[in-house]
Amino acid sequence: MKTVMIVDDALFMRKTIKKMFERAGYEVVAEAENGKEALDKYMTKKPDVITMDIAMPVMDGLLSLKEILKIDETANVLMVSAIGQEELVGEALACGAKGFIVKPFTEELLMSAVDQLF
Amino acid sequence: MKKEESLFDIFLYETTHLLDEMETKLLEAESNKRTNKEWIDNVFRIMHTIKGSSAMLNFKKLSELSHGLEDVYSFIRDNNIELTSEIIDISLEVVSFIKNEIETLEENGDLGKDITPLKNRIKLIFENLKNFKGKKSNYKVKIKFKKDCMMEDIRALDAKNKLEKISKVLETFPTILKGPDSCKEISEKGVSFLVNSDFKESEINNMLKKILFVEKSSVTPYEFKDLKKVEEEEEEEIEDIKDRKHYISVDVNKLDNLLNTVIELVTSRAVLEDRVLKEFNKSEEIENLFYNLNERIKELQENVMEIRMLPINRVFSSMKRLVRDMSKNENKKIELKFVGEETEVDKNIIEDLYNPIMHIIRNAVDHGIESRETRENLGKSSVGTIILKAKTEGGNIIISICDDGKGLDRKAILNKAIDKGYIKKSNREITDKEIYSLIMKPGFSTTETINEYSGRGVGMDIVYEDVKKLGGVVKIDSKENTGTTIDLIIPLTLSIVSGIKIISNNISYIVPINSMKLIFKEKREDIVKDTNGNMFIVIDNINYPLINLNSYYADSNYIDNRNKIIMLIEASEEEKFAIAFDEIGGEYQVVVKTFPKYLKKCTKSLRGLSGCTTMGDGTISYIVDVTGLALELNKKVSE
């Protein structure tokens, strides 16, 4: 079973995304409230997929992405963005994010993106 | 200042010609996907010439624009680079721009509009060219993203960045990827890139498949042109100058005046001949003198006419651009073919032909030729064909516009005609030709489609009016799923006609000599009548409709028992008929005068006559319009 880490400062988003993954047969092995926490948990859990929110306290998604890729340049990081974050998304893609989805998104859309990573 | 003005006229004339030539060449290159050194040289030379001349006249903007393109083509030539569709497009844009703005040259002292955007784009293309040389392959890459994945513009930008790692991205469609407008466009239509890469199609496609939310992607080779390096440039230059024709521009009014003088000369000669022959004894010497005079006048007339003649190709070529732009816009593939484009037509006619032909072509592209899918489903070639034909026949020029589209909808036209009250529901069989001719009624249109090019699909009434003004007729033929052919039959403006004088009931007529096929004395037994009283004559076992000029134009009560002379007339290849009259006169060169306006209402008594002429003895002859007469006959028979 493929493993997932969900990074988002909003509990609601984490729970929603978690449900989507679980229904699709993924195992959510970690949740993180900010980029720093995500970086720490990545070291121990090594999830197959990371969904990464962009605007978060302590360490934002972009920086977290960069740090994770420093550790493992093949990490599958999927950015979770919203309209208005075009610039940041562009940067994330340039840094090596595998792709991005835009809030609000459907389960179908999220899964079609995640499935494509493997 | 007089001198300057005429220089300016020459400049305008030459530049317009060069732009036409360039446009033709560009379209040629686009459709052939092939150019050679000569092609590049030619286009380069055109830009070079325009640059030079406009700089001489201090038209800085014009000079700058042509200079920009000149640089591009010179670089292509010198570095053996492949020509891209981007370059063709920008060149066509420049041509259109200058053509549209050239009128403003005189008043503004330069092009009216701002050239900066065009100039910048040329500059960019030139920079790209300089950064990129080599012999890699060009591909067109198309991507369509999954529905609702949002921020399609950023995704397209990402795809571009990824493509850039393995190729050189030459162009993107839309040109600007980022922004709400592009985002909408990309989400609806997808995004395309023109790239140059040494990777294979499949390798590029595999890379694309890794991009998230790419639903469909395609990589197809994009053919560019094979160019050879310029060799012995100087030698070429010398040849070029030798080959170039010399033109002077002449005010059309001057030509019209010249033609009028020639026409007066013809009449004066006829009067003079008549008087001389009456007052002096007929001698061989006088006859010879008149013969010589006649011949010289004929030559003069022919020369003047010839100056006014232009190949119809002028009108035809301008349709290439129309078809190209329209089919691109409507996502159809259409091939435009020419037959007889070298046919020469009087300048006045040429100008008036542009609009009718354009209308018909627009209709053909819009409503005639089906979409690619429909064509394929019907088992037709996915590429539609429009053929533009020109030929001269019996003193007429016939222009045919044939398309292999879906044809006219007989039923829809009939219903609409009944709706609009053009025809009554009747039991009578209506022929296809009659039905098709209904579309030329004002405001008649069976389609509600509106687009940039065809308006409301109307236009056939305008075509009809335009052609009528030229003294011509329109014929429409169509077959469902096979296509439509529209013929414009227009008399060549021979304001001087060679004809045979014939006399019937003391009225004299002139029949154009080139439509006359046979003259003989009637034998009563060869004439037959059908149940409606229509007369026919049997010649070599073929029945031809027969018109007795006496009863046709003159008093129908006139008792007519003289032995008639019969003339077989060929209006066109398919249309032959015979006329019967009393006497035959000689051959004359006559000047056609149109009927005065107040007579034009007498349509019935003037049917089949194109005008009249004053003969040398001061009498009047009517000029027989053979095409018109043939039409009248057809009408009568179908009634």
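Analyst: In this predicted model, B:N541 sits in the loop between β16 (535-539) and β17 (542-548) of chain B, and its phi is near 65 degrees, a positive value in a residue other than glycine.

User: Is B:N541 buried or exposed, and what makes it so?

Analyst: A residue counts as exposed if 12 or fewer other C-beta atoms lie within 10 Å of its own; B:N541 has 5 such atoms, and is therefore exposed.

User: What makes the phi of B:F213 worth a remark, and where is this residue found?

Analyst: Most residues other than glycine have a negative phi, whereas B:F213 has a positive phi of about 70 degrees although it is not a glycine. B:F213 is found in the loop between α9 (201-209) and β4 of chain B.

User: How do you know whether B:F213 counts as buried or exposed?

Analyst: The cut-off for a buried residue is 20 or more other C-beta atoms within 10 Å, and B:F213 has 22 C-beta neighbours inside that distance, so B:F213 counts as buried.

User: What makes the bond between A:K103 and A:P104, and the one between B:F173 and B:P174, worth a remark?

Analyst: Most peptide bonds are trans. A cis peptide bond joins A:K103 and A:P104, with omega about -5 degrees, and A:P104 lies in the loop between β5 and α5 of chain A. A cis peptide bond also joins B:F173 and B:P174, where omega is about 0 degrees, and B:P174 belongs to the loop between β2 and α8 of chain B.

User: How are α7(B) and α8(B) oriented to each other, and how do you know?

Analyst: Helix α7 (residues 152-166) of chain B packs against helix α8 (residues 180-189) of chain B at an angle of about 80 degrees, with the axes 7 Å apart. Angles of 65 to 115 degrees count as roughly perpendicular, and α7(B) and α8(B) are therefore roughly perpendicular to each other. In this contact B:E152, B:D153 and B:A156 of α7(B) meet B:S182, B:C183, B:I186 and B:S187 of α8(B), a set that divides into 3 nonpolar, 2 polar and 2 charged residues.

User: And why is α3(A) called roughly parallel to α4(A)?

Analyst: Helix α3 (residues 61-71) and helix α4 (residues 86-95) of chain A pack at an angle of about 0 degrees, with their axes 10 Å apart. Since angles under 35 degrees count as roughly parallel, that value makes α3(A) roughly parallel to α4(A). The contact is made by A:L62, A:L65, A:K66 and A:L69 of α3(A) together with A:L88, A:E91, A:A92 and A:C95 of α4(A); by class, it has 6 nonpolar, no polar and 2 charged residues.

User: Which strands of chain B stand at the edges of the open sheet, and why?

Analyst: In chain B, 4 strands form an open sheet in the order β2-β3-β1-β4, with antiparallel pairing. Within this sheet β2 (168-173) and β4 (214-221) each have a single partner strand, so one side of each is left without a neighbour, and they stand at the edges. The twist averages 20 degrees from one strand to the next.

User: How do you know that β2(B) pairs with β3(B)?

Analyst: Two strands pair if there are at least two bridges between them, and β2(B) and strand β3 (residues 191-197) of chain B have 5 bridges, in the antiparallel sense. B:E171 stands opposite B:L194 in β3(B).

Technical notes:
Residues are numbered from 1 along each chain as its sequence is written. Chains are lettered from A and ligands numbered from 1 in the order in which they are written. This is a predicted model: local features need pLDDT of at least 70, side-chain atom pairs count only at pLDDT 80 or more; totals for chains, interfaces and linings use all residues. Axes are lines fitted to C-alpha atoms, for helices over the stretch in contact, and angles run from 0 to 180 degrees between N-to-C directions. Helices (H or I, at least four residues) and strands (E, at least two) are DSSP runs, numbered from the N terminus. Angles under 35 degrees count as roughly parallel, over 145 as roughly antiparallel, 65 to 115 as roughly perpendicular and the rest as oblique. Two residues are in contact if their C-beta atoms, placed from the backbone, lie within 7 Å. Ala, Val, Leu, Ile, Met, Phe, Trp, Tyr, Cys and Pro count as nonpolar, Asp, Glu, Lys and Arg as charged, and the others, Gly among them, as polar.
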